[in-house]
Amino acid sequence: MSIFRVFKEESGTALVVSLMILFVLSIVGASLLSLNVGQLTVSVRDKQSLVAFNAADAGVVRAVWRLDQSSYYLGEAAAVGGGEFNVAVETPLGYPSSRIITSTGFYPNMANPTLKRKIVANAQLRPGHAFDFAVMANS
């Protein structure tokens, strides 16, 4: 007996086979949809992280600029580019010409942040020059 004759004699076999194929295709489609949603979530989170880091970087740049204006600058908070930053400037004990700049960037704002990024910069005042600084970043 041939396989074709067995399927010919069975009524409803085509329906069962097509439902099985539909089930397999549905599982493949759901898997691909889940993968795309996960990638979208990662992409959005990466963009938010970048906004927070750029806000922190803007705080460091602002602090260095303000220190060039006055060595008594202590810090500030401001909104910039879709995020906000809070910058604090400290003078280490025993090093009156040094400043430690700590800038924290927030996304979307300081009151209710979903992401924070922090940058710590060391600034050294040299006579006759503007502040020189080295930046070390950590999250």
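Residues are numbered from 1 along each chain as its sequence is written, and side-chain values use heavy atoms, with hydrogens and water left out. Because the model is predicted, local features need a pLDDT of at least 70 and side-chain atom pairs count only at pLDDT 80 or more, while totals for chains, interfaces and linings use all residues. Here pLDDT is the predictor's confidence in each residue, from 0 to 100. The chain has a mean pLDDT of 86, and 83% of its residues reach 70 or more. Confidence is lowest in helix α1 (residues 3-9), with a mean of 58, and highest in β2, at 97. Helices (H or I, at least four residues) and strands (E, at least two) are DSSP runs, numbered from the N terminus.

Among the buried residues of α2 are Q48, A56, V60, A63 and L67. Buried means under 20% relative accessible area, exposed over 50%, and partly exposed in between (1.4 Å probe, protein chains only).

Next comes the largest nonpolar core, where a nonpolar core is a set of buried Ala, Val, Leu, Ile, Met, Phe, Trp, Tyr and Cys residues joined through side-chain atoms within 4.5 Å. Of its 14 residues, V60, A63, L67, Y73, V87, V89 and I101 touch the most other members. At least two residues of this core come from each of α2 (13-69), β2 (83-90) and β4 (115-124), and the largest share, six residues, is supplied by α2. Contact means heavy atoms within 4.5 Å. Residues up to four places away in sequence aside, A63 touches Y73, V87, V89 and I101.

Two further buried residues complete the picture. Q48 lies in helix α2 and has a relative accessible area of 17%, so Q48 counts as buried. Not counting residues up to four places away in sequence, Q48 touches Y107, T114 and L115. Y107 is itself joined to P108 by a cis peptide bond, with omega about -5°, whereas most peptide bonds are trans. P108 sits in the loop between β3 (98-107) and β4. In strand β3, T104 is buried because its relative accessibility is 16%. Leaving aside neighbours within four places in sequence, T104 is in contact with A56, E84, F85, N86, K116, R117 and K118.
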